[in-house]
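Me: Please set out the model and go through its architecture with me. I would like each term defined as we reach it.

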Amino acid sequence: MSSWFQPIVDLRDGEIIGYEVLSRGQGSLESPHELFTHARTSGYTWELERACWTSALRSISRFPEELRRAPFFFNVSPDVLSDPRFGDGSTLALLERHGLGPRHLVLEITEKAVIEDGALLQRLTRECSAQGFGLALDDFGAGHSGLVTLVHCLPRFIKLDQALVRDIHQHDYRQHLVKSLVAFASSVDAILIAEGVETWEEMTVLLRLGIRHAQGYLLARPSPSPGRPSESFETRRREAMRSLLLREHADDTTVGGLVIRRTTVEPSTSFDAVKKLFHDAPHVDHVVMLAGARPTSLVTRRSLASWALGQAPMELPLIVEDQMAVTALVELAMARAADAVYDPVVVTDAQGAFLGTVTMKQVLLRAGELAARLGTK
């Protein structure tokens, strides 16, 4: 076995909050998926995970003292967590043998294979917490019972599965879901981590949604010794955070706080292609046409019918900057023609680059919240 380490980064300051430990086999079983699948079907899951732990702890014990305080995130399958051998003292003895303790580790319980007995899961995770281990729910959003696992194990860390993260800038439904999860994590004092971040488009949207911790190839690839993101990443991270913090420090009555990145297409996209997009994605109610980074037109399901009759997709929609006040937008939007008054509004930054759209429902709800807030002062 060999052990590799991938950093988990606090995007606010670029600091490392921990390292995920990844195991690799040899030859045809180098892939973790192939390795663990083979072990599971052969009945050697416990033995394999113990070999992974032994390899990783041996590596960690050789790191400089400042690195050993990480902590390190270890994947633990429910089968192993519920195995009597895990809690018989041998795990703590293995840690002690390498000069480590539970405080150095966070146990990642995967959502892809859960313990069906909720009471058992609750007891096991409480025992782990009492011993000093940190707890994380891994692959959240990938399985069928993540919420059940969440309420039973009460993790300090919640790791969003990469299936939710991948191309999130192109999926407004996922953005709404992640935004809700950010609010939930904040309310229970949990740390939400986006896994598998690979592009700056994904990173930018995740930051706008409130994600503050991430790992993935964009930040740093796994390596045999704990590393840090590159200087080029750090430069762009600082720029992105500076831009984000400027928006956060502005009055929360601006449009920017409501923006959701929507599906976009090029101006040359055909009617048939847009029609198919709407057909294949029932939750999408509008798309924005972009020429480079600049919006040119908006196509809604309603305007698609006019396009079918040979008319242009739509004239230039209402476009506003993200720093416009919500109350000002209400007046501006309601002054549109009657057939367009409830169309989405396109939002850009000060340079005219597309950020996303806001619906009139979002705008009116926020305007109502602001009015109620003023009424209580």
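Reply: To begin with terms, two strands pair if DSSP finds at least two bridges between them. Helices (H or I, at least four residues) and strands (E, at least two) are DSSP runs numbered from the N terminus. This is a predicted model, in which local features need pLDDT of at least 70 and side-chain atom pairs count only at pLDDT 80 or more, while totals for chains, interfaces and linings use all residues. Residues are numbered from 1 along each chain as its sequence is written, and side-chain values use heavy atoms, with hydrogens and water left out.

Me: Fine. What is the strand order in the open sheet?

Reply: The order is 9-10-11 in an open sheet of 3 strands, and the pairing is mixed. Strand 9 (264-265) and strand 11 (294-300) are at the edges with a single partner strand each, so one side of each has no neighbour in the sheet.

Me: Turning to the barrel, in what order do its strands close?

Reply: There are 8 strands, and they close in the order 1-2-3-4-5-6-7-8, with mixed pairing. Strand 2 (residues 16-24) and strand 3 (residues 72-76) run parallel and are joined by 2 bridges. There, Glu20 stands opposite Phe73 of strand 3. Helix 2 (residues 45-61) lies across strand 1 (2-10), strand 2, strand 3 and strand 4 (105-110), and runs at about 170° to strand 3.

Me: Which residues of strand 7 are on each side?

Reply: Ile191 and Ile193 lie on one side of strand 7 (residues 191-194) and Leu192 and Ala194 on the other; all are buried, which leaves both faces covered. Buried means under 20% relative accessible area, exposed over 50% and partly exposed in between (1.4 Å probe, protein chains only). Strand 6 (residues 157-160) runs parallel to strand 7 with 4 bridges, and Lys159 has Ile193 as its bridge partner. On to strand 8 (residues 213-214), strand 7 pairs in the parallel sense over 2 bridges, and Ala194 is partnered by Ala214.

Me: What do strand 7, helix 10 and strand 8 make together?

Reply: With helix 10 (residues 200-209) between them, the two strands make a right-handed β-α-β unit. A crossover is right-handed if, with the strands pointing away from the viewer, the path from the first strand over the helix to the second runs clockwise.

Me: New topic: how many aromatic pairs are there?

Reply: Rings of Phe, Tyr and Trp (its six-membered ring) pair if their centres lie within 6.5 Å, and planes under 30 degrees apart count as stacked, over 60 as edge-to-face and the rest as tilted. The count by this rule is 9 aromatic pairs. Phe5 and Phe72 have ring centres 5.9 Å apart and planes at 70°, so this pair is edge-to-face. Phe5 belongs to strand 1 and Phe72 to strand 3, so the pair ties together parts 67 residues apart in sequence. Both Phe5 and Phe72 are buried. Phe73 and Phe157 also form an edge-to-face pair, at 5.0 Å centre to centre and 70° between the planes. That pair links Phe73 in strand 3 with Phe157 in strand 6, 84 residues apart.

Me: Is Phe73 buried or exposed?

Reply: Phe73 is buried, because its relative accessible area is 0%. Phe157, at 10%, is buried too.

Me: Where does Leu154 lie, given its positive phi?

Reply: Leu154 is in the loop between helix 7 (146-153) and strand 6, and its phi is about 45° although it is not a glycine. At 62% relative accessibility, Leu154 counts as exposed.

Me: And which peptide bond is cis?

Reply: The bond from Ala70 to Pro71 is cis, with omega near 0°. Pro71 lies in the loop between helix 3 (65-68) and strand 3.

Note on methods:
Contact means heavy atoms within 4.5 Å. Axes are lines fitted to C-alpha atoms, for helices over the stretch in contact, and angles run from 0 to 180 degrees between N-to-C directions.
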